[in-house]
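Please read the notes below alongside the model. They are arranged as numbered points.

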Amino acid sequence: MGILDSVERGLERAVNGAFARTFRSGVQAVEIASALKRELDIGAVIVDRDRVLAPNRFVARVSPKDAARLQSLGETLENELRSVVTKHASRQNYQLLGQPDVEIRADESITTGVLEIDATRVEGAVDWVAVIEVDGQRHELPRGTTTVGRGSDCGIRITDNAASRKHLELIWDGAAGLARDLGSTNGSKINGQRFREAALAPGIVITIGQTALRFQLVPGRSARAAQSAAQPSARSAAASAAPAPVARATSRAAHPLPAAPLPAAPKQSPASPPKPATQRPRTSPAPSRDSATPDDTPGIDQDFWRGL
């Protein structure tokens, strides 16, 4: 059965790749949902009469162009795809080892319009992280209290003129959260209603002036991806400062090579008299013939004429 599945998937990849290259159509969300259901059915394993295990972790690999378009929808799409997995597993009486998770990932080796699903069984719960989204930027909430406002000392700083220096505080203990207004002038609102304290629930939107703060629970991998995206900028900044010492090191390594001819400078000195050159053949004739230079020839000629 495994060999037949491999052959079927190979044919499916070939057909999908041919159609994608011909029509240049991008991957749609409905295609991902259909592929997830198919992977659940293919990966289901009968353990007992009343127990059928199915995959619960899925990675949808698409081209960078498709990934950018799909990821622009934010967490909404991945939440809907997790719901698709949960509903289909319940409808088919599949059992999952842990909470379902669906990730959309860019793959340079995949053509636009082609979709690849990697399905695995992972035991355990998804590591959820609490975040606040403000103007498209995601801020992770640590355990404890995070202050929101216009002040420079706030954990989440907003530039809305209707916000106070310390406008709101968000309290998170890792499992539950609370939003508390700090007596701001213009107040904080949820669904158009001002509040003093309110529990944090996934999807809730807090409005401060014209600024919306959305509370979300996202998988831990999303928070790690955001941190890894920030690290290359720090490495590039460090790399930009690195060439200075490298240049000094190479310059030191390059100077010793031309420095070797320095001891030969006395031979080329214009102040040296021709007489020492005539004395060398008398004391050591053999080495003088081997080490004769154009400057020694006039001295030998003079000696020869003197002998005559």
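The points below cover confidence, a sheet with its helices, the cores, one aspartate and one hairpin.

1. Basis. This is a predicted model, in which local features need pLDDT of at least 70 and side-chain atom pairs count only at pLDDT 80 or more, while totals for chains, interfaces and linings use all residues. Residues are numbered from 1 along each chain as its sequence is written, and side-chain values use heavy atoms, with hydrogens and water left out.

2. Confidence. The pLDDT (the predictor's confidence in each residue, from 0 to 100) averages 75 over the chain, and 63% of the residues score at least 70. It is below 50 over residues 14–23, a stretch with 8 contacts in the model beyond near neighbours in sequence; contact means heavy atoms within 4.5 Å. Residues 283–297 also stay under 50, and there the model has 5 contacts beyond four places in sequence.

3. The open sheet. Strands β5, β3 and β6 form an open sheet in the order β5-β3-β6, with mixed pairing. Helices (H or I, at least four residues) and strands (E, at least two) are DSSP runs, numbered from the N terminus, and two strands pair if DSSP finds at least two bridges between them. At the edges are β5 (101–106) and β6 (116–120), each of which pairs on one side only. Neighbouring strands of this sheet are turned by 20° against each other on average, direction ignored. Strand β3 (residues 57–62) and β5 run parallel and are joined by 6 bridges; Ala-60 stands opposite Ile-104 in β5.

4. Helices on the sheet. Helix α3 (residues 64–71) packs on the sheet, touching β3 and β5, and its direction makes about 130° with that of β5. Helix α4 (residues 75–91) also touches β3 and β5, at about 135° to β5. For these angles, axes are lines fitted to C-alpha atoms, for helices over the stretch in contact, and angles run from 0 to 180 degrees between N-to-C directions.

5. Cores. A nonpolar core is a set of buried Ala, Val, Leu, Ile, Met, Phe, Trp, Tyr and Cys residues joined through side-chain atoms within 4.5 Å. Buried means under 20% relative accessible area, exposed over 50%, partly exposed in between (1.4 Å probe, protein chains only). The largest core has 22 residues, and Phe-58 and Ile-104 are among those with the most contacts inside it. Its largest share, 5 residues, comes from α2. Leaving aside neighbours within four places in sequence, Phe-58 has contacts that include Leu-36, Val-85, Val-102 and Ile-117. A second, separate core of 21 residues includes Ile-132, Val-134, Ala-179 and Leu-200.

6. Asp-66. Beyond four places in sequence, Asp-66 is in contact with Gly-26, Val-27, Thr-112, Gly-113 and Val-114.

7. Strand β11. Because 4 of the 5 residues of β11 (residues 168–172) are buried, this strand is largely enclosed by the rest of the structure. Strand β9 (residues 144–149) runs antiparallel to β11, with 5 bridges, and strand β12 (residues 177–181) is likewise antiparallel to β11, with 5 bridges. Leu-170 has Ala-179 in β12 as its bridge partner. The hairpin of β11 and β12 has 4 residues between the strands, and Gly-174 takes a positive phi near 100° there.
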